[in-house]
Amino acid sequence: MMKIALLSILSEIHDEERINDSLKDKYQFLNNNFEITEIAVDEVADHDFSDYDLTINFIKSGGSEKNFARIFEYLPQPVYLYAVELHNSLPAALEILSFVNARGAEAKILHGENEDLLVEIKELIEYRRIRNKISEAKIGVIGKPSDWLIGSQVDREHAAQHWGTEFIDIEMEEVYSALKNIEQKEAEKVAEQYFIKAEKMLESSKADLIKAAEIYLALKKLAVDYDLDALTIRCFDLVEKINNTGCLALALLNDEGITAGCEGDIAAVFTMYLAAQLTGETPFMANPVKIDSKKDQINFAHCTVPLSISEKFILRSHFETGIGVGIQGILRKEAVTVFKIGGAGLEQYFVAEGKIIENMNSQNACRTQIKVELPQSSDYFLSDAIANHHLIIAGHHAAKINHFLAKE
């Protein structure tokens, strides 16, 4: 059961026993749905709030403003004020809200019917859980972002100040070093597993697949060694150095819950990680390659896609270079959400809902290709797009994403 710290705040002139007796139904509602620990004002300064899913300030009466001000500096933020219709609770909460806002902190009053409050409190707990995961996340940037990502630059200090996420630089040499220590038999076992699962193999060979499996194992080792939640790699350097690609590796890492993105694109991999935490779905990172403004249809393509979201897949070569292993995934024709966070401090975003209407097979685009019907989005891509890479997420998630990011 979700754990809530309930701070009991009221005026000294009120009889607390009488107040509590009149609030029995409020307590019953809270205790029926959450594990409640009630904390008095005098206990707040020495209390550890880290073990709770949420801290709620129960404003029990008018005149409690002074007592709240005494403990404000010790409170977890944002500040949530539970106000009821009795004892001038709501007027006091409004005064406190103004006090908190004037000090540059975030606050919100929880007030209304129990059924609505239950939904809101559970949403706040879920938001806090996800927000904590993002603030504690470690994202590895292996090699520098690719040279062509001129519109995807991120001010990491700015982004870290807002989101709390740690970005860890890892040299490409560490990948090459890890590759030297990969056991051949282990790579062969991984390669055979996915050779069997594939519909077929076209331009690539089994030798290519084994080398691609070695890259997967090397990146997985780095993810474990650095305790990474996500990573992005300057993958075209692999093409030049070892004549193979990271396409298979990134697909498999994403399937295992380690968010992995291409080309050293920090904004894209951050969006992927946030999307995975928020929606529970594994995103597909792709390039918009064709826009039909009249039909509001956009073709997306990339040479890697999580296998878990593909109905079936074909092992191909990498499109641009014709070498190594790329993946042609066939995706379900279903509702999707297109999403991207960007800007210097990762403070901008775009989200829209549409539907995959066709899997494409052009010889002149990256291997996994889908056509998405995305109403009223063509102008965004042609006039205001947040750089190149965007995410395709199975299902309807725009409302949840908007609701989450509105709190930011």
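These notebook entries go through one protein chain, from its overall make-up to single residues.

**Entry 1: ground rules**

I began by noting that this is a predicted model, in which local features need pLDDT of at least 70, side-chain atom pairs count only at pLDDT 80 or more, and totals for chains, interfaces and linings use all residues. Residues are numbered from 1 along each chain as its sequence is written, and side-chain values use heavy atoms, with hydrogens and water left out.

**Entry 2: the whole chain**

I looked up the secondary structure and found 14 helices and 17 strands, where helices (H or I, at least four residues) and strands (E, at least two) are DSSP runs numbered from the N terminus. Along the principal axes, the C-alpha atoms fill a box of roughly 80 × 50 × 35 Å.

Of the 408 residues, 53% are buried; here buried means under 20% relative accessible area, exposed means over 50%, and partly exposed lies in between, with a 1.4 Å probe and protein chains only. I then checked contacts, meaning heavy atoms within 4.5 Å. Among the contacts with a separation of 6 or more, 74% are between residues 24 or more positions apart.

**Entry 3: the barrel**

I traced a closed barrel of six strands in the order β10-β11-β16-β15-β14-β17, with antiparallel pairing; two strands pair if DSSP finds at least two bridges between them. From one strand to the next the twist averages 45 degrees, an angle taken between N-to-C directions on a scale from 0 to 180 degrees, with axes being lines fitted to C-alpha atoms, for helices over the stretch in contact.

Helix α12 (residues 266–279) packs on this sheet and touches β10 (284–292), β14 (335–342) and β17 (390–394), and its direction makes about 130 degrees with that of β14. Helix α14 (residues 398–406) also packs on the sheet, touching β14 and β15, with its direction at about 170 degrees to that of β15.

**Entry 4: the open sheet**

I next followed an open sheet of four strands, β7-β6-β8-β9, with parallel pairing. Its edge strands are β7 (166–170) and β9 (259–262), each of which pairs on one side only, and the twist averages 20 degrees from one strand to the next.

Strand β8 (residues 230–233) runs parallel to β9 and is joined to it by four bridges, with alanine 230 opposite threonine 259 in β9. Helix α9 (residues 206–225) packs on the sheet by touching β6 (138–142), β7 and β8, and its direction makes about 135 degrees with that of β8. Helix α11 (residues 247–255) touches β8 and β9 as it packs on the sheet, and its direction makes about 155 degrees with that of β9.

Leaving aside neighbours within four places in sequence, leucine 179 is in contact with Glu214, Ile215, Ala218 and Ile242. I also noted that its C-alpha atom is separated by 9.6 Å from that of lysine 221, 42 residues apart along the chain.

Leucine 315 belongs to strand β12 (residues 310–316) and is buried, with a relative accessible area of 0%. With neighbours within four places set aside, its contacts include Tyr194, Phe195, Leu209 and Val325. Leucine 315 and alanine 191 are 124 residues apart in sequence and 11 Å apart in space, C-alpha to C-alpha.

**Entry 5: backbone details**

Before this search I reminded myself that most residues other than glycine have a negative phi, and most peptide bonds are trans. The peptide bond from glutamine 77 to proline 78 is cis, with omega near 0 degrees, and proline 78 sits in the loop between α3 (65–71) and β4 (79–83).

In the loop between β4 and α4 (89–102) I found histidine 87, which has a positive phi of about 60 degrees although it is not a glycine. Asparagine 88 is placed in the loop between β4 and α4 and has a positive phi of about 60 degrees, although it is not a glycine. Histidine 87 counts as partly exposed because its relative accessibility is 23%, whereas asparagine 88 is exposed, with a relative accessible area of 53%.
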